[in-house]
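Here is a report on one protein chain. It covers helix packing, an aromatic cluster and a few loop residues.

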Amino acid sequence: MFRIGYDRLYTGDPSGAGRAFGTAVILDPGNGEAWFALAEADGGTRSAGQAVACFRRAVALEPDNWSWRLMLADALRQCGENDAAYALFRAVATERSDSAHARLGLARCLAALGRAEDALGEFREAVALRPDDRDAVLALADALTASGDALAAVELLQPLARRYEDDATVHHALGRSWLALREPVKALAALRRARDAAEGDEAAAIDRLITALEAGEGADLSAAYVRALFDRYADRFDQDLVGKLGYAAPDLLRSAVDRVMPGATGLRILDLGCGTGLAGVTFKPLAAHLAGVDLSPRMVEKARQRTLHDRPLYDELDVGDVVEAMERTPGGWDLLVAADVLVYIGDLVAIFAAAARALPPGGRFAATVERLPSGAAAEALAEPFVLGATRRYAHAESYVRQTAEAAGFTIRLMEPCTPRREKGMPVPGLLFVVELAAP
């Protein structure tokens with residue numbers, strides 16, 4: 001039956017191969033290779049859980065076969081059993097420190113478990129062990145870009161792109177890294193090469209990025225980049241932001257709003273850059289109508305799934321640009337909230353102008369920014385905002401104050417804060433609540 005199974009597998013008949021290997025395990029249930037072949041040959045014809053069960057039987061029969069244990073670990077990871085997969089990958093990596101496969105599996109499990117820094121170290125180990133491994137290099141580049149080191153990602157991907165000239169995934173990754181470095185011309189060149197080789201969903205995703213860039217969404221930190229970044233980050237956003245980064249911006253803003261507007265209820269609130277809805281949860285008790293807008297469709301979908309007391313958290317959700325969202329409803333909101341959103345926008349003139357149109361006299365705008373150092377040395381640089389290594393902007397307090405006042409706002413509260421941590425260190429921030437003055 002082995003010969004029949006392998007013949008069918010090699011001729012592109014995974015279903016027939018599976019039936020043959022299934023017969024083999026019935027005839028000889030103590031044959032580990034038969035169980036392994038059955039799991040490997042399913043070719044999508046069996047469930048992932050069934051494949052895991054077959055791999056388990058094979059490993060139980062031959063526990064010293066480390067390649068089978070790696071296959072089992074991969075199958076567990078693909079089923080979402082990341083803790084079990086991590087333990088198995090770790091055991092193999094301990095026994096075989098030269099196994100790039102084990103290191104790459106460890107890294108992917110760590111990333112899925114929200115341990116991004118540990119994952120980055122394992123991705124580096126995998127590439128060091130196997131520098132020509134396409135999948136390992138792509139995974140490391142992706143992790144580097146997400147960590148804010150897109151330059152290192154580009155340096156990894158450029159030689160890979162020369163080696164795989166017609167590989168859509170490689171050129172797509174290179175284009176995203178160039179976007180993170182705010183190099184739209186280079187990003188477009190890479191993305192166009194990716195589109196020429198891509199098919200299906202990947203081609204559609206690349207087309208969206210190209211269309212956005214060609215339409216001029218390249219100012220500040222490209223809207224196309226932000227959308228792509230957070231679409232990919234949506235599934236682990238809450239876990240990373242709250243657990244690892246100590247994200248506190250929504251609670252800090254709610255405290256500030258309570259001080260400026262004690263006892264406020266029944267407000268029309270627009271959550272700018274709503275993400276998965278973390279700020280929405282915090283501000284829902286103040287709202288008669290709560291709306292959210294975000295550039296990332298996947299983030300908005302996560303927010304749409306969020307409930308409070310068995311009811312949808314948001315009354316209204318849209319995918320789009322925050323300025324356009326504010327301009328659609330002149331005077332339509334009592335409170336605008338932007339928790340850790342303006343860090344992706346350098347020039348705030350358009351933001352404050354749109355906020356002034358979206359609020360009635362007496363309406364408030366509450367937000368956080370990352371804060372440039374103050375003092376004589378900083379003032380000598382005369383920079384209103386600076387793009388940092390993390391690809392987020394930091395703003396000078398004087399610039400925020402002057403821009404708000406120029407748009408017709410009165411500063412009701414402005415103070416330093418720590419909206420999140422970065423690499424274990426508090427990020428210097430600034431929160432403000434401003435009120436639109438009467439004309």
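## Helices 10 and 11

Helix 10 (residues 150–163) packs against helix 11 (residues 168–180) at an angle of about 150°, and their axes are 9 Å apart. That angle makes helix 10 roughly antiparallel to helix 11, because over 145 degrees counts as roughly antiparallel. The model is predicted. Helix 10 passes helix 11 in a left-handed crossing.

From helix 10, the contact uses A150, A153, V154, L157, Q158, L160 and A161. Helix 11 contributes V170, H171, A173, L174, S177, W178 and A180. By class, the residues of this contact between helix 10 and helix 11 are eleven nonpolar, three polar and no charged.

## Helices 11 and 12

Helix 11 also meets helix 12 (residues 184–197). The axes of helix 11 and helix 12 come within 8 Å and cross at roughly 160°. Helix 11 and helix 12 are therefore roughly antiparallel to each other. Their crossing is left-handed.

On the helix 11 side, the contact residues are A168, H171, H172, L174, G175, W178 and L179. They meet K186, A187, A190, L191, R193, A194 and A197 in helix 12. The contact of helix 11 with helix 12 has nine nonpolar, three polar and two charged residues.

## Helices 5 and 7

How are helix 5 and helix 7 oriented, roughly parallel or roughly antiparallel? The axes of helix 5 (residues 66–78) and helix 7 (residues 100–112) come within 11 Å and cross at roughly 20°. That makes helix 5 roughly parallel to helix 7, because the cut-off for this class is under 35 degrees. Helix 5 passes helix 7 in a left-handed crossing.

L70, D74 and R77 make the contact from helix 5. H101, A102, G105, R108 and C109 make it from helix 7. The residues of the contact of helix 5 with helix 7 divide into three nonpolar, two polar and three charged.

## Aromatic pairs

The structure holds six aromatic pairs. The rings of F352 and F365 have centres 5.6 Å apart and planes at 65°. This pair is edge-to-face, because planes over 60 degrees apart fall in that class. F352 lies in helix 20 (residues 349–358), while F365 belongs to strand 7 (residues 364–371). The pair therefore ties together parts that are 13 residues apart in sequence.

Ring pairs link F352, F365, F409 and F432 into a cluster.

## Glycine 320

G320 sits in the loop between strand 5 (316–319) and helix 19 (322–328). Its relative accessibility is 19%, and G320 counts as buried because the cut-off is under 20%.

Which residues does G320 touch, leaving aside those up to four places away in sequence? They are V293, D294 and L295. The C-alpha atoms of G320 and G273 are separated by 9.0 Å. G320 and G273 are 47 residues apart along the chain.

## Positive phi in two loops

H309 is not a glycine, although its phi is positive, at about 55°. H309 is found in the loop between strand 3 (307–308) and strand 4 (311–312). H309 is exposed, with a relative accessible area of 72%.

D340 also has a positive phi, near 60°, in a residue other than glycine. The loop that holds D340 runs between strand 6 (335–338) and helix 20. Where H309 is exposed, D340 counts as buried, at 7% relative accessibility.

## The whole chain

How many helices and strands does the chain have? It has 22 helices and 13 strands. Of the 439 residues of the chain, 50% count as buried.

Contacts that span the sequence complete the picture. Among contacts between residues at least 6 apart in sequence, 60% join residues at least 24 apart.

Methods. Residues numbered from 1 in each chain as written. Predicted model: local features only at pLDDT ≥ 70, side-chain atom pairs only at ≥ 80, totals over all residues. Heavy atoms only, no water. Phe/Tyr/Trp six-rings, centres within 6.5 Å; stacked < 30°, edge-to-face > 60°. Helix = DSSP H or I, 4+ residues; strand = E, 2+ residues; numbered from the N terminus. Axes fitted to C-alpha atoms, helices over the stretch in contact; angles between N-to-C directions. Parallel < 35°, antiparallel > 145°, perpendicular 65-115°, else oblique. Left-handed = near helix turned anticlockwise from the far one by under 90°. Contact = heavy atoms within 4.5 Å. Nonpolar A, V, L, I, M, F, W, Y, C, P; charged D, E, K, R; others polar. Buried < 20%, exposed > 50% of the residue type's maximum accessible area, 1.4 Å probe, protein only.
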